[in-house]
4 protein chains.
Amino acid sequence: MRVAIIGATGYGGAELVRILHQHTAISEYTLYSSSQAEVAISDSYPHLTTISNQKLQSINIEEMSKNSDVVFMATPSGISGELTPSFLENGVKVIDLSGDFRFNDPDVYETWYKKASAPREVLEKAVYGLTELNREQIKNARLIANPGCYPTATVLGLFPLLKNVAVDLDTIIIDAKSGVSGAGRKANIGTSYCEINENFRIYKVNEHQHIPEIEQTLKLANSNLGPIKFNTHLVPMTRGIMATIYCKPLCKISEKTLRELYQHQYDNDRFVRVRKMGEYPATKEVYGSNYCDIGITFDERTGWITIVSVIDNLIKGAAGQAVQNLNVMLGIDEGTGLYGPPVFP
Amino acid sequence: MRVAIIGATGYGGAELVRILHQHTAISEYTLYSSSQAEVAISDSYPHLTTISNQKLQSINIEEMSKNSDVVFMATPSGISGELTPSFLENGVKVIDLSGDFRFNDPDVYETWYKKASAPREVLEKAVYGLTELNREQIKNARLIANPGCYPTATVLGLFPLLKNVAVDLDTIIIDAKSGVSGAGRKANIGTSYCEINENFRIYKVNEHQHIPEIEQTLKLANSNLGPIKFNTHLVPMTRGIMATIYCKPLCKISEKTLRELYQHQYDNDRFVRVRKMGEYPATKEVYGSNYCDIGITFDERTGWITIVSVIDNLIKGAAGQAVQNLNVMLGIDEGTGLYGPPVFP
Amino acid sequence: MRVAIIGATGYGGAELVRILHQHTAISEYTLYSSSQAEVAISDSYPHLTTISNQKLQSINIEEMSKNSDVVFMATPSGISGELTPSFLENGVKVIDLSGDFRFNDPDVYETWYKKASAPREVLEKAVYGLTELNREQIKNARLIANPGCYPTATVLGLFPLLKNVAVDLDTIIIDAKSGVSGAGRKANIGTSYCEINENFRIYKVNEHQHIPEIEQTLKLANSNLGPIKFNTHLVPMTRGIMATIYCKPLCKISEKTLRELYQHQYDNDRFVRVRKMGEYPATKEVYGSNYCDIGITFDERTGWITIVSVIDNLIKGAAGQAVQNLNVMLGIDEGTGLYGPPVFP
Amino acid sequence: MRVAIIGATGYGGAELVRILHQHTAISEYTLYSSSQAEVAISDSYPHLTTISNQKLQSINIEEMSKNSDVVFMATPSGISGELTPSFLENGVKVIDLSGDFRFNDPDVYETWYKKASAPREVLEKAVYGLTELNREQIKNARLIANPGCYPTATVLGLFPLLKNVAVDLDTIIIDAKSGVSGAGRKANIGTSYCEINENFRIYKVNEHQHIPEIEQTLKLANSNLGPIKFNTHLVPMTRGIMATIYCKPLCKISEKTLRELYQHQYDNDRFVRVRKMGEYPATKEVYGSNYCDIGITFDERTGWITIVSVIDNLIKGAAGQAVQNLNVMLGIDEGTGLYGPPVFP
């Protein structure tokens with residue numbers, strides 16, 4: 001397997017390097033960057049000193065197509081939509097970490113991302129890479145649309161409920177919180193230390209681009225689902241997402257039943273850990289790992305279900321899930337390179 | 001005015017000292033502590049070096065009653081319920097920062113706090129000290145039940161809506177987040193640095209003791225209100241609370257109308273700042289101050305209202321509001337000692 | 001007194017606004033900005049909502065000279081050197097928070113700041129505004145060169161020793177640590193949250209521009225002083241500086257003698273707090289205040305003195321000391337507007 | 001290899017579990033705790049859910065001796081000194097992460113740790129487990145005294161200089177900074193979140209128990225070394241140590257020569273990374289890894305050398321180095337289980 005990473009100087013790209021370094025089936029990967037070609041990756045990321053001494057290479061589709069079997073696109077939205085079709089034509093598989101191929105409908109992308117969409121005929125080739133949901137299709141995919149970080153946490157948390165329990169669809173609220181690394185490695189006053197530290201803020205109210213991705217995916221669980229309320233907050237921490245999910249079941253349901261339902265759903269998914277009764281996951285408990293941990297409860301007093309779903313946004317929410325999908329495509333152990341336990345404390 | 005503070009070694013007590021130090025109408029205050037009597041307050045809190053050289057005194061109700069006009073109870077729940085009746089009998093006014101006098105019904109206290117309640121006849125004398133709601137009653141009160149931190153943020157954020165707009169009461173969700181100082185100055189593994197830093201967690205799911213306080217107070221806005229869903233999360237920061245509040249109006253309502261309603265409600269309340277259209281407050285923007293900042297929006301796409309309400313939990317959520325109430329009781333400018341702008345960054 | 005602030009959108013400028021808002025002798029101040037003219041200060045800093053509704057004005061020296069008695073220059077280095085001479089000619093006093101007027105010798109500025117210096121004849125008019133050292137000269141100054149943050153902590157910590165105790169000048173080491181706000185409000189990858197959080201780094205090794213300022217000032221205590229070793233580190237926090245200072249006395253000296261010497265030196269300086277035996281200040285203990293706290297010890301085992309000096313870099317290290325100097329110039333109580341105790345926790 | 005861990009509920013113990021989980025030569029390890037016997041490790045550390053479902057067992061030396069080849073002691077000081085002699089007698093090898101066997105001279109231990117020392121005849125059997133220094137002796141050791149976190153960073157940073165360069169031994173200053181996890185998992189007001197966050201403090205001035213360990217080890221490089229000045233600070237972060245080391249060479253020396261000397265020294269030590277000219281390591285660049293990164297410079301202007309040495313205190317400073325030593329004892333690849341790159345950001 002010859003692997004290429006485009007956008008290696010972003011946080012998602014650096015995390016791919018870290019994971020592939022521990023991947024027993026990938027011995028070679030090459031790093032590409034449009035902005036920092038000729039720079040050593042260890043100059044951009046000194047923590048990689050002696051781990052990778054590669055120089056970043058500039059992007060040349062034809063050249064890369066000859067030397068790569070799979071390309072990871074760890075790029076901002078808008079780039080992959082342009083580059084990917086040529087790679088596919090050249091017979092190179094693509095795992096896209098951006099939002100460019102996540103939607104069936106190009107209009108949805110253009111409405112929420114405010115950019116031109118990739119062509120519909122290429123969108124149709126993409127498989128949505130939420131591994132636990134689409135494992136079979138991923139096996140034979142040539143183009144993976146790797147899910148967004150919030151949709152990963154949210155859909156893994158909510159899908160089993162919507163599929164199996166009659167809930168009042170009008171009551172679904174997703175109150176999501178994220179660390180700052182989701183914003184990428186950028187010079188920006190809003191994500192500078194002094195503006196984030198000892199501060200908690202809400203952002204992109206009513207308009208986060210992950211909303212339509214969540215809706216599209218959850219409709220596979222219940223096609224009656226309408227628009228959902230999803231808000232995002234910025235937590236003064238680097239990594240981690242928590243989605244606190246609320247909804248009302250149409251009938252009373254016991255916590256025990258709920259947990260069994262979730263455990264059954266994720267019985268064969270080693271990276272989803274349904275936590276025991278009365279235990280709710282904290283983000284640090286999946287830090288540095290590919291796990292998604294889920295806690296669930298039913299409040300007898302109010303009739304509300306609360307689901308708590310946490311991931312490391314850079315791993316299960318980006319690079320880790322991308323490698324998990326690569327493993328599925330290769331037909332090898334899905335967890336290869338991803339077995340490191342969470343780093344705590 | 002001779003002022004006494006019981007529980008001066010907690011964070012709420014230390015914040016009272018900081019505020020009273022800047023209070024032009026209070027020249028003297030005396031500090032009491034059951035656990036650290038004879039210790040200098042500046043040994044417990046070196047930041048107060050040269051600001052207060054007082055030694056903490058042990059609690060003696062008769063002695064204190066002779067020397068005090070008002071007593072602040074900055075104590076854990078359960079203490080004030082025992083001490084306060086004697087102070088009142090001795091003609092001393094009490095401002096209680098704990099939860100001991102916040103409920104009309106002693107059973108509610110005993111159910112949620114799992115402790116014996118203060119006697120019903122003393123509860124009846126207490127005025128709930130959410131200044132903006134109860135200013136007139138506070139003027140003549142002899143016992144103030146200073147509100148909890150979460151209820152302050154939540155009620156100020158939700159009251160005007162419930163009072164003025166027809167909402168689906170079954171859809172109200174309050175997803176609250178707090179810094180760690182709300183847990184007090186205690187030795188506790190759960191609030192130790194390594195367990196909190198770079199971590200975000202949910203806690204006391206379905207069972208936070210502030211739930212009944214919020215319900216009791218919001219019922220004054222709409223008596224049909226039933227049990228509400230209220231969840232609390234711990235943010236890796238010291239100070240600050242955000243309540244993200246969701247509910248559905250029964251009819252469509254414009255954001256402009258909502259804002260005007262809130263502005264009207266808080267027109268004469270200098271410590272409530274209704275933020276302009278499209279602007280949502282972050283917790284750091286009230287850090288170190290007595291402000292409660294509120295943002296509000298209506299999402300046309302989903303039909304949900306989102307209200308964002310933030311306070312500094314130690315100030316508007318505790319010591320600041322206590323002094324604000326003292327000022328109202330004294331008939332002086334409500335903001336005396338509280339005019340320091342937020343400390344940013 | 002009519003006061004103008006140039007550079008009000010930086011952190012130092014915002015802190016001036018916060019302090020002047022609490023200043024009983026200044027009822028009016030006007031805000032200027034070259035980059036954000038016409039923007040409301042509360043749009044740039046929402047924490048100032050309702051506190052100041054001023055629009056930032058563009059800089060016009062003639063206009064400003066008519067309407068101002070004193071101008072604070074809260075600008076990056078290089079700006080004040082250009083603007084200040086005209087203000088002085090127009091009879092306006094200037095308090096410069098940048099490094100432009102701190103050196104007697106223009107060559108030193110040009111070597112370390114790598115910029116053209118202000119003219120020597122204007123430099124000669126400047127009084128170095130370390131209040132505790134130069135109070136008498138400040139009274140009649142027309143141009144104050146407000147000290148840098150590191151020099152303030154370092155010089156207050158080391159001056160009494162160098163002046164009064166025979167030390168081996170070749171052994172002086174200053175190992176300094178700072179929060180991130182010293183870098184200003186700028187979009188910069190190096191000071192973005194994810195690069196700073198849970199990280200501790202050294203920076204500008206051997207070349208920090210505050211080195212010559214420290215040397216020039218300490219030579220007033222002991223003219224034999226040669227080049228000193230001064231290194232700076234970035235702490236994952238917003239505010240605060242600690243200088244850990246090491247040197248060897250030529251003779252043994254008791255800790256008690258050292259403390260008495262420091263207490264005597266700062267007897268009349270309310271903003272310097274010499275901490276008691278065995279107590280060393282932490283940065284949070286001066287957070288949000290104008291204090292400089294100093295701890296000092298002599299290690300019998302090794303013969304080294306350690307001095308620990310802490311300030312809030314934005315207050316005693318910038319805006320607070322600037323107002324302290326203004327107060328001295330006005331002949332009013334030096335602490336006016338600066339009496340707020342540290343904000344802890 | 002049958003491995004036992006005593007003290008598995010501390011941070012060092014949990015980190016051992018994380019590392020051994022990735023260790024290809026260790027398939028079994030058993031966890032012991034005096035305080036939490038019968039508790040599942042995943043109840044104490046939920047991040048280990050599904051990774052280890054072991055219940056903690058109570059300590060029984062005879063039982064353990066039958067079932068273990070090596071015991072890791074991840075215990076507070078004072079415990080290993082009592083337990084270890086019996087394990088050794090029973091033919092079980094011990095790797096002790098505490099300070100109990102680090103000194104040749106029991107008096108030194110008793111002076112600095114203020115506890116009874118292990119018997120001198122057992123001390124004599126211990127090999128000091130700074131892998132890079134003592135690899136040959138470790139191979140055949142039966143008892144490893146795993147180094148302290150500060151000594152690891154300091155000695156790796158300073159040893160090559162003292163061994164190879166004539167320096168003025170009276171000028172050595174070690175100004176060390178650590179994250180909070182070094183204090184262990186304990187309920188303690190001093191390490192609670194609100195006391196540490198946004199705060200920087202110095203602690204154990206003149207009296208840190210790692211001082212004699214550093215002195216004893218550095219004397220192997222230069223036997224003339226006298227008492228050294230070593231101070232420690234607490235950084236608001238969880239993991240990471242930086243030692244900033246100062247000293248003056250007796251003759252001028254070029255930065256290039258210094259670097260070559262260090263590179264030569266660590267040529268075969270994969271976990272020590274000597275950084276290139278002008279680059280200084282930050283703690284996050286070794287976070288979650290077993291690396292020690294070193295930067296070094298000579299300041300022509302002042303004649304001082306500065307060495308910057310960083311480690312992750314829980315890995316190279318504790319559990320990682322312990323496993324590195326185990327690997328050396330086993331005669332397998334020294335890096336087994338330790339190849340995970342640093343986790344950044």
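Eight salt bridges (a side-chain nitrogen of Lys or Arg within 4 Å of a carboxyl oxygen of Asp or Glu) cross the interface of chain A and chain B. The model is predicted: local features need pLDDT of at least 70, side-chain atom pairs count only at pLDDT 80 or more, and totals for chains, interfaces and linings use all residues. Residues are numbered from 1 along each chain as its sequence is written, chains are lettered from A and ligands numbered from 1 in the order in which they are written, and side-chain values use heavy atoms, without hydrogens and water.

One salt bridge joins the side chains of A:Glu285 and B:Arg201, at 3.8 Å from N to O. Between chain A and chain B, 32 residue pairs are in polar contact, both at pLDDT 80 or more. A polar contact is a pair of N or O atoms within 3.5 Å; within protein, one must be able to donate a hydrogen and the other to accept it, and residues adjacent in sequence count only if both atoms are side-chain atoms.

Contact (heavy atoms within 4.5 Å) takes in 50 residues from chain A and 50 residues from chain B. About 4,000 Å² is buried between these chains, 58% of it on carbon and sulfur atoms. Buried area is the accessible area (1.4 Å probe) that two parts lose on being put together, summed over both.

Chain C and chain D form another interface. Here 50 residues of chain C contact 50 residues of chain D. The two chains bury about 4,100 Å², with 57% on carbon and sulfur atoms. C:Glu198, C:Phe200 and C:Arg301 supply 18% of the area that chain C buries against chain D, more than any other three residues. Eight salt bridges are found across this interface. In one of them, C:Arg201 meets D:Glu285 at 3.8 Å, N to O.

Chain B holds an open sheet of seven strands, in the order 8-9-7-10-13-12-11, with mixed pairing. Strands (E, at least two residues) are DSSP runs, numbered from the N terminus. Two strands pair if DSSP finds at least two bridges between them. Strand 8 (201–203) and strand 11 (272–274) of chain B stand at the edges with a single partner strand each, so one side of each lacks a neighbour in the sheet. Strand 7 (residues 167–178) and strand 9 (residues 229–234) of chain B run parallel, joined by six bridges. B:Asp175 stands opposite B:Asn231 in strand 9 of chain B.

Notes
Helices (H or I, at least four residues) and strands (E, at least two) are DSSP runs, numbered from the N terminus.
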